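Q: I have a protein model open and some questions about it. Can we go through it together?

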Amino acid sequence: MRSVFTSCSDRALHIFTSLFHVDPVSLCLAFLVVPACVQAMQPGRAGRAAVLCVAALATVLGLSPAVQAIALGVIAAQDREACPAVWSVPALLLSVLFPAQTFLVLAVLPVLFWSALVRQPDEEKEGGAFPAVMGILGVSLVWHAPVSVPAELVAGLGAAVIALLGRSVLGACRPGDLGLLRPALLMVLVVAAQAEGLAVCARIALEATLLDLSLLVLTAVVGRVFPALSVLRLPFPPLPGLVVLWLGIHAALGMAAGVEGWSVLGVVVALLLGLLSLSDILIVGWVLRSWQGTVPGTSVLFIGAASLLLPALVFGMASPVLHFISGEWVWPVWRMGGGDGASLRLPAFVLTGAILWCVLVRPWRVVGGIVQAASTLLPALGNLLSVGEGLFEEAPSLGWKMRSVIVAGRRRLRVLRGVKAPVLPDLRQGAVGLWLVLLGLVLAVLGVMA
């Protein structure tokens with residue numbers, strides 16, 4: 001009887017593992033997806049959040065490329081400002097025919113980040129419709145494509161960042177939240193380090209990835225109530241954004257020092273991480289400046305607690321995942337290692353400062369105190385950080401030849417925009433059926449070719 005029960009359970013486990021990704025990294029990403037979908041939980045839109053959550057979990061955990069393409073199509077259909085169908089439909093259909101290929105991973109990324117990076121953001125839709133969910137899905141795409149070439153992924157992501165910045169400078173428009181691309185870039189380092197046998201470097205890059213995703217999820221869940229929490233993404237001490245940047249740069253330079261062929265590429269990744277951190281400064285400054293009203297003291301206390309506890313909490317909860325990557329248990333309560341002998345003693349500094357503040361200031365006996373002072377300084381910080389937006393207020397003065405090329409390109413774009421295109425109806429309700437029909441056609445073609 002026991003042998004029959006054991007065989008049945010083994011068969012069920014085999015079926016489960018044949019349908020879903022069950023590695024610790026995929027399960028951790030799935031764990032982050034659920035709170036990230038809370039951002040879509042608006043009054044009267046609970047069904048939309050449920051559809052988004054199920055589709056995102058299917059994308060992260062599904063082994064079948066067809067299921068992943070259906071799920072991504074459903075998610076893209078929830079946003080009316082999403083990537084145009086002329087790009088998204090072929091990219092998703094080709095991802096079924098040629099799964100996990102480098103050029104298709106790069107082609108699917110615009111489907112995720114189009115509304116956040118290409119469309120002009122406004123106050124109500126800063127960072128796109130579901131920025132945290134899209135960041136997690138971008139990491140999942142890279143993690144589930146081990147046959148892709150990391151160098152080509154880095155080149156594609158770097159070209160996208162430069163192109164988006166150039167578009168913002170030449171078009172005199174504020175850039176989108178480029179920091180959403182940083183988790184995917186860090187996951188490229190994880191995959192590359194694992195392929196080269198550098199387990200410690202892979203663990204450091206994964207630490208930065210998980211902490212960066214946790215910051216995105218935290219700001220997405222409670223950002224509407226406490227907009228000041230976006231400060232946590234800044235690369236300044238003692239904020240967690242500095243930890244992400246420091247770990248990412250050390251992982252990139254570790255790849256440059258330990259892998260032949262990554263000497264230049266690792267430095268390029270480190271520079272890209274620094275550039276994306278500068279983009280975070282602009283985004284956070286805009287959020288703080290657009291926030292009307294005073295910053296409550298609870299936000300200040302929340303920022304202080306997150307600076308003290310968030311890295312240790314994230315790494316502690318993700319220790320099984322990090323142990324799966326490098327065979328080490330990580331709980332950086334006092335200091336964090338960079339994998340090359342360097343250590344960041346930011347937790348020790350923050351913990352010591354908090355103890356001294358509690359002992360000397362005794363905040364429970366003082367009304368306001370440093371919390372009230374910080375509440376008045378945060379709006380000024382927003383004005384200071386938004387100074388860099390002056391770079392995008394006016395297009396630069398270029399030479400005659402360069403201007404003629406740009407004008408000719410704009411004329412071609414106007415001609416393309418003038419072509420009458422059919423107005424598509426709202427496909428959000430019938431998105432599942434539409435993608436099932438399209439993928440049925442693809443699978444029929446595959447059957448004929450077989």
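Q: Where does threonine 219 sit?
A: Threonine 219 is in helix α10, which covers residues 199-222. Keep in mind that this is a predicted model.

Q: Is threonine 219 buried or exposed?
A: Buried. Its relative accessible area is 18%, and buried means under 20%.

Q: What does the side chain of threonine 219 reach?
A: The side chain reaches the backbone oxygen of leucine 216 at 3.0 Å. A polar atom of that side chain also lies 2.9 Å from the backbone oxygen of leucine 215.

Q: Let's zoom out. How many helices and strands are there in the protein?
A: The protein has 18 helices and 2 strands.

Q: And how much of the protein is buried?
A: Of the 450 residues, 47% are buried.

Q: What share of the contacts is between residues 24 or more positions apart?
A: That share is 76%, counting contacts with a separation of 6 or more.

Q: New topic: salt bridges. How many are there?
A: The count comes to 5 salt bridges.

Q: Which aspartate pairs with arginine 233 at 3.0 Å?
A: Aspartate 177 does; 3.0 Å is the distance between the closest N and O atoms. The pair links distant parts of the chain, 56 residues apart. Arginine 233 is in the loop between α10 and α11 (240-258). Aspartate 177 is in the loop between α8 (150-171) and α9 (182-195).

Q: Are arginine 233 and aspartate 177 buried or exposed?
A: Both arginine 233 and aspartate 177 are buried.

Q: What does arginine 182 pair with?
A: Arginine 182 meets aspartate 280 in a salt bridge, at 2.7 Å from N to O. Arginine 182 is in helix α9 and aspartate 280 is in helix α12 (residues 263-290). These two are 98 residues apart. Arginine 182 and aspartate 280 are both buried.

Q: Which other arginine forms a salt bridge with aspartate 280?
A: Arginine 233, with the closest N and O atoms 2.9 Å apart. Arginine 233 lies in the loop between α10 and α11 and aspartate 280 in helix α12, so the pair ties together parts that are 47 residues apart in sequence.

Q: Which residues make up the network of salt bridges?
A: Asp177, Arg182, Asp212, Arg233 and Asp280 are linked in a network.

Q: On to the nonpolar residues. Which members of the largest nonpolar core touch the most other members?
A: Leu137, Met187, Leu189, Leu206 and Trp262 do, in a core of 109 residues. The largest share of this core comes from α10, with 13 residues.

Q: What does leucine 137 touch?
A: Not counting residues up to four places away in sequence, leucine 137 touches Ala56, Thr59, Val60, Leu72, Ile75 and Leu112.

Q: Which residues form a nonpolar patch on the surface?
A: Leu94, Leu97, Phe98 and Phe103 form one, with about 350 Å² of accessible area together.

Q: Where is phenylalanine 98?
A: Phenylalanine 98 lies in the loop between α5 (85-97) and α6 (102-117).

Q: Last stop, helix α11. What about histidine 250?
A: Histidine 250 is in helix α11. It is buried, with a relative accessible area of 16%. The C-alpha atoms of histidine 250 and alanine 270 are separated by 8.1 Å, and the two are 20 residues apart along the chain.

Q: And which residues is glycine 254 in contact with?
A: Glycine 254 is in contact with Leu198 and Cys201, leaving aside its neighbours within four places in sequence. Glycine 254 is also in helix α11. It is partly exposed, at 24% relative accessible area. From C-alpha to C-alpha, glycine 254 and valine 267 are 9.7 Å apart in space. In sequence they are 13 residues apart.

Note on methods
Residues are numbered from 1 along each chain as its sequence is written. This is a predicted model: local features need pLDDT of at least 70, side-chain atom pairs count only at pLDDT 80 or more; totals for chains, interfaces and linings use all residues. Side-chain values use heavy atoms; hydrogens and water are left out. Helices (H or I, at least four residues) and strands (E, at least two) are DSSP runs, numbered from the N terminus. Buried means under 20% relative accessible area, exposed over 50%, partly exposed in between (1.4 Å probe, protein chains only). A polar contact is a pair of N or O atoms within 3.5 Å; within protein, one must be able to donate a hydrogen and the other to accept it, and residues adjacent in sequence count only if both atoms are side-chain atoms. Contact means heavy atoms within 4.5 Å. A salt bridge is a side-chain nitrogen of Lys or Arg within 4 Å of a carboxyl oxygen of Asp or Glu. Patches are made of residues with over 30% relative accessible area and no salt bridge: like charges are joined within 9 Å, nonpolar side chains (Val, Leu, Ile, Met, Phe, Trp, Tyr) within 5 Å. Accessible areas come from the Shrake-Rupley method with a 1.4 Å probe; for residues, only the protein chains shown count as cover. A nonpolar core is a set of buried Ala, Val, Leu, Ile, Met, Phe, Trp, Tyr and Cys residues joined through side-chain atoms within 4.5 Å.
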